[in-house]
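The following note sets out some points for a student who is reading this structure. Please keep the sequence and the model in view while going through them.

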Amino acid sequence: GSASDTGEADGSYTDGTTNYDLDNGTSSVEANFATGFVDVTMEGFDVVERDTGTAADVGFNGVNITGMSTSGIQFTGGTITTRSDGTLVQIIGTQTQETAIGRFFGLDNSNNPDEVGGIGYLAGSDGSVSTIFLAD
């Protein structure tokens, strides 16, 4: 079986000097229970400089987490990438850390997970990105 859920996403980004909030994003979560993998697409972030509240162009407005492995009601691992309007862009420089974890919650009338949520963290030589997603 499989499940597709949509919802919201938020996060933060630092380039090592300035902190930014990633606000008002959307999330799409695709779970394939036959293969045991989960993919998450977060896009449409409004990027705002945290100290000034000013909109900012930091070179990306989306984050994907692909290939997370399921284990019971949890999923972990995968590959995190930054995107600009869906196109892969390299923002963080040489990668030093990559972590993602999520969980399924409740069941719908078809016995599929009703809600899903998780977090991702990607760090590198030029900055870091943290994300959170919730979908149902």
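1. A strand, as the word is used here, is a DSSP run of type E with at least two residues, and strands are numbered from the N terminus. The model under discussion is a predicted one.

2. What secondary structure does the chain contain? It has 11 strands and 0 helices. Read in sequence order, the pattern is therefore a series of β elements, β-β-β-β-β-β-β-β-β-β-β, and the radius of gyration is 15 Å, close to the 14 Å that the globule rule gives for 136 residues, so the chain is as compact as a globular protein of that length.

3. The C-alpha atoms fill a box of roughly 45 × 25 × 20 Å along the principal axes. Of the 136 residues, 39% are buried. The chain exposes about 7,000 Å², and carbon and sulfur atoms supply 44% of that area.

4. Contacts between residues at least 6 apart in sequence deserve attention: 51% of them join residues at least 24 apart.

5. Is Ser-128 buried or exposed? Its relative accessible area is 15%; buried means under 20%, so Ser-128 is buried. Leaving aside residues up to four places away in sequence, Ser-128 touches Ser-12, Tyr-13, Thr-14, Ile-92, Tyr-121, Leu-122 and Ala-123. Ala-31, by comparison, lies 97 residues from Ser-128 in sequence and 26 Å from it in space, C-alpha to C-alpha.

6. Asn-64 sits in strand S5, residues 62-71. With a relative accessible area of 13%, Asn-64 is also buried, because this value falls under the 20% limit. Apart from residues up to four places away in sequence, the residues that Asn-64 touches include Val-40, Thr-41 and Met-42, as well as Thr-79, Ile-80, Thr-81 and Arg-83.

7. Which strand is joined to S5 by 5 bridges? The partner is S7, residues 79-84, and the two strands run antiparallel. Within this pairing, Ile-65 stands opposite Ile-80 of S7. As background, side chains in a regular strand alternate between the two faces of the sheet.

8. S7 is also joined by 3 bridges to S8, residues 87-89, again in an antiparallel arrangement. Here Thr-82 has Val-89 in S8 as its bridge partner. S7 and S8 form a hairpin with 2 residues between the strands, and in this hairpin Asp-85 takes a positive phi near 50 degrees.

Conventions: Residues are numbered from 1 along each chain as its sequence is written. This is a predicted model: local features need pLDDT of at least 70, side-chain atom pairs count only at pLDDT 80 or more; totals for chains, interfaces and linings use all residues. Side-chain values use heavy atoms; hydrogens and water are left out. Helices (H or I, at least four residues) and strands (E, at least two) are DSSP runs, numbered from the N terminus. The radius of gyration is taken over C-alpha atoms; the globule rule is 2.2 Å times the number of residues to the power 0.38. Buried means under 20% relative accessible area, exposed over 50%, partly exposed in between (1.4 Å probe, protein chains only). Contact means heavy atoms within 4.5 Å. Accessible areas come from the Shrake-Rupley method with a 1.4 Å probe; for residues, only the protein chains shown count as cover. Two strands pair if DSSP finds at least two bridges between them.
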